[in-house]
Amino acid sequence: MANISPRKNKHGEIISYRIRVARGYDSNEKKIKPHEMTWKPAPNMTAKQIQKELQKQAVLFEEQCRQGLTGDGRQKFDAYAKYVIELKEKLAQSGLRKNSDKAVLKSAEKLLELMLSDYRECFIKEQAEYP
């Protein structure tokens, strides 16, 4: 079952709600970090509407967690690169035409280059900030 807790600003007004779904324990009997989601109600909603929609969002989020549709946000670049390579290999094995394989490879290479250039820019900016 989902745990719902309100989040308040410094004036004590509720600005959003945190929905947490427990993931259980690992093999060493340590608690696994729960899945979390933040839901922000629309400003024109009444208290009853907020509670009804909040319960609906909690049920939907819990169902997504059960189905494995929520990620833990910890995917690293090397894992993503392996995923892209595996995807390309699966597409190649499925018997697609060579032209479409080349297009997929070209797209993956462009995406990789864009990601690396963004990373380089961030790294250079960080180096400039900390002499």
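Q: Buried means under 20% relative accessible area, exposed means over 50%, and partly exposed is in between (1.4 Å probe, protein chains only). Is I50 buried or exposed?
A: I50 is buried, because its relative accessible area is 14%. This is a predicted model, in which local features need pLDDT of at least 70 and side-chain atom pairs count only at pLDDT 80 or more, while totals for chains, interfaces and linings use all residues. Residues are numbered from 1 along each chain as its sequence is written, and side-chain values use heavy atoms, with hydrogens and water left out.

Q: Which element holds I50?
A: I50 sits in helix α1, which covers residues 47-67. Helices (H or I, at least four residues) and strands (E, at least two) are DSSP runs, numbered from the N terminus.

Q: What is I50 in contact with, sequence neighbours aside?
A: Leaving aside neighbours within four places in sequence, I50 is in contact with Y17, W39, P41 and M45. Contact here means heavy atoms within 4.5 Å.

Q: And how far is I50 from K40?
A: Their C-alpha atoms are separated by 9.4 Å, with the two residues ten apart along the chain.

Q: Where does α1 lie relative to the strands?
A: Helix α1 lies across β1, β2 and β3, and runs at about 30° to β2. For such angles, axes are lines fitted to C-alpha atoms, for helices over the stretch in contact, and the angles run from 0 to 180 degrees between N-to-C directions.

Q: What is the strand order in the sheet?
A: The order is β1-β2-β3, in an open sheet of three strands with antiparallel pairing. β1 and β3 are at the edges with a single partner strand each, so one side of each has no neighbour in the sheet. On average, neighbouring strands are turned by 25° against each other, direction ignored.

Q: How many bridges join β1 to β2?
A: Seven bridges join antiparallel strands β1 (residues 2-8) and β2. Two strands count as paired if DSSP finds at least two bridges between them.

Q: How many bridges join β2 to β3?
A: Five bridges join β2 to β3, and this pair runs antiparallel.

Q: Which one links distant parts of the chain?
A: R20 and E36 meet in a salt bridge at 3.0 Å, N to O. R20 is in strand β2 (residues 14-21) and E36 in strand β3 (residues 35-39), 16 residues apart. R20 counts as partly exposed because its relative accessibility is 27%, and E36 is partly exposed at 38%.

Q: Which residues form the network of salt bridges?
A: E62, E63 and R66 are linked in a network. E62 pairs with R66 at 3.3 Å, N to O, and the closest N and O atoms of R66 and E63 are 3.5 Å apart. Within helix α1, E62 and R66 are four residues apart, about one turn of the helix, while R66 and E63 are three residues apart, also about one turn.

Q: Is R66 buried or exposed?
A: R66 counts as exposed because its relative accessibility is 62%. E62 is buried at 14%, and E63 is partly exposed at 36%.

Q: Which residues make up the nonpolar surface patch?
A: The patch consists of F77, L111, L112 and M115, with about 300 Å² of accessible area together. Accessible areas come from the Shrake-Rupley method with a 1.4 Å probe, and for residues only the protein chains shown count as cover. Patches are made of residues with over 30% relative accessible area and no salt bridge, where like charges are joined within 9 Å and nonpolar side chains (Val, Leu, Ile, Met, Phe, Trp, Tyr) within 5 Å.

Q: Which helix gives the most to the patch?
A: Helix α3 (residues 98-129) does, with three residues. M115 lies in α3 and is partly exposed, with a relative accessible area of 31%.

How values were computed. Salt bridge = Lys/Arg side-chain N within 4 Å of Asp/Glu carboxyl O.
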